[in-house]
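Thanks for asking me to look this one over. Below are some points to follow with the structure open beside you.

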Amino acid sequence: MREKDNVKHVFSKNSDAYVTSSTHSTGDDLSLMIDWLKPEASMSMLDIATGGGHVAKQLAPHVKQVVATDITEAMLANTAKHLHTCTNIDFEIADAENLPMEDNSFDIVTCRIAAHHFPNPDLFISEVFRVLKQGGQFLFIDNIAPESSTFDTFVNSLEKMRDYSHVRSRTITEWKSLLNKYHLKINHEKFRKKTLPFQEWVHRTLDDVNEIKGVEEFLLNASDDIQEYFQIETEKNKIKSFAIDEWMILAKK
């Protein structure tokens, strides 16, 4: 599938940037997930699309075993190198929409800031449900699109300009529909605005000067209501930062 080939290409090229990214390596969601999950030393955990491995690293000291998966071999190898001191993390190449794990295998399944790259979210959620034990917990965090179709179109167009492996940031309504379909009951949820420093964000995936300029002009030329919603900050007609929506939930099977 072309979308998945795009993901492999982009993340192979930029694997170290996702380990060091301030957006991915920091955030109060990383500490909050411990409070929400209340992990125990006997538990097994699956981290889907682990990327830079930040969730796996955060939870590994609190559980028996972590299986960290990613579809991109180079990304996974780089993350394994950075997390070599975490002896209870196993790394496995896996497609989020077709996991090579047995049914009812894990107490915890996590997926953080990755699902907007998945072309078939229905398959992803069905796989989460399948591999979770009865009573197991699913922690999900992702960039989301606003319910407004105008703002939805804007943020997804922006993300696609900056990263051609982006598929779609979906709305909370879309995600809740899928969670309900697979009988995953939300116990906790949190919505927040996530501020992105423009230079770090854009250079994580782009190095062509004209492409970077095009992304910046797209933000600069946005309508007043879009600039206000996405909190676009400028200095001397250059983009400093902007904010996107993020949603964090804890659901139970």
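**Notes on the predicted model**

1. Let's begin with the charged pairs. Searching the whole structure turns up 15 salt bridges. Please keep in mind as you read that the model is predicted. A few of these pairs are worth a visit on screen.

2. Take Glu 127 and Arg 130 to start with. These two form a salt bridge, and their closest N and O atoms are 2.7 Å apart. Both sit in helix α7, and because they are 3 residues apart there, about one helical turn separates them. Glu 127 is buried, at a relative accessible area of 11%, whereas Arg 130 is partly exposed at 22%. The cut-off between those two classes is 20%.

3. Next, have a look at Arg 168 and Glu 174, whose side chains meet in a salt bridge with an N to O distance of 2.7 Å. Arg 168 counts as partly exposed, with 23% relative accessibility. Glu 174 is partly exposed as well, with 30%.

4. Which residue forms a salt bridge with Glu 189? The partner is Lys 176, and the closest N and O atoms of the pair are 3.3 Å apart. This bridge links distant parts of the chain, since Glu 189 belongs to strand β6 and Lys 176 to helix α9, 13 residues apart. Glu 189 is partly exposed, with a relative accessible area of 43%, and Lys 176 is also partly exposed, at 29% relative accessibility.

5. Now to helix α9 itself, which spans residues 172–181. Which of its residues are buried? They are Ile 172, Trp 175, Leu 178 and Leu 179. Because these residues cover an arc of only 130° around the axis, they lie on the same side of α9. The elements covering them include α7 (121–131), β5 (132–144), β6 (185–197) and β8 (238–252). Just after the helix, His 183 takes a positive phi of about 55°, so do click on that residue as you pass.

6. Strand β5 deserves a stop of its own, at Asp 142. Is Asp 142 buried or exposed? Asp 142 is buried, with a relative accessible area of 0%. Its C-alpha atom is separated by 6.5 Å from that of Ala 114, a residue 28 places away along the chain. Setting aside neighbours within four places in sequence, Asp 142 contacts Ile 113, Ala 114, Ala 115, His 116, Asp 245, Glu 246 and Trp 247.

7. Finally, a word on empty space. Rolling a probe the size of a water molecule over the atoms shows where such space is left. What lines the second largest cavity? Its lining consists of Asp 29, Lys 190, Arg 192, Glu 246, Trp 247 and Met 248. By class, that makes 4 charged residues, 2 nonpolar ones and no polar ones. Strands β6 and β8 each supply at least two residues of this lining, and the largest share, 3 residues, comes from β8. Glu 246 and Trp 247 of the lining are also among the contacts of Asp 142.

Methods
Residues numbered from 1 in each chain as written. Predicted model: local features only at pLDDT ≥ 70, side-chain atom pairs only at ≥ 80, totals over all residues. Heavy atoms only, no water. Buried < 20%, exposed > 50% of the residue type's maximum accessible area, 1.4 Å probe, protein only. Helix = DSSP H or I, 4+ residues; strand = E, 2+ residues; numbered from the N terminus. Arc of directions from axis to C-beta. Contact = heavy atoms within 4.5 Å. 1 Å grid on protein atoms, 1.4 Å probe; cavity = no way out; pocket = protein on both sides within 12 Å on 5 of 7 lines; lining within 4 Å. Nonpolar A, V, L, I, M, F, W, Y, C, P; charged D, E, K, R; others polar. Salt bridge = Lys/Arg side-chain N within 4 Å of Asp/Glu carboxyl O.
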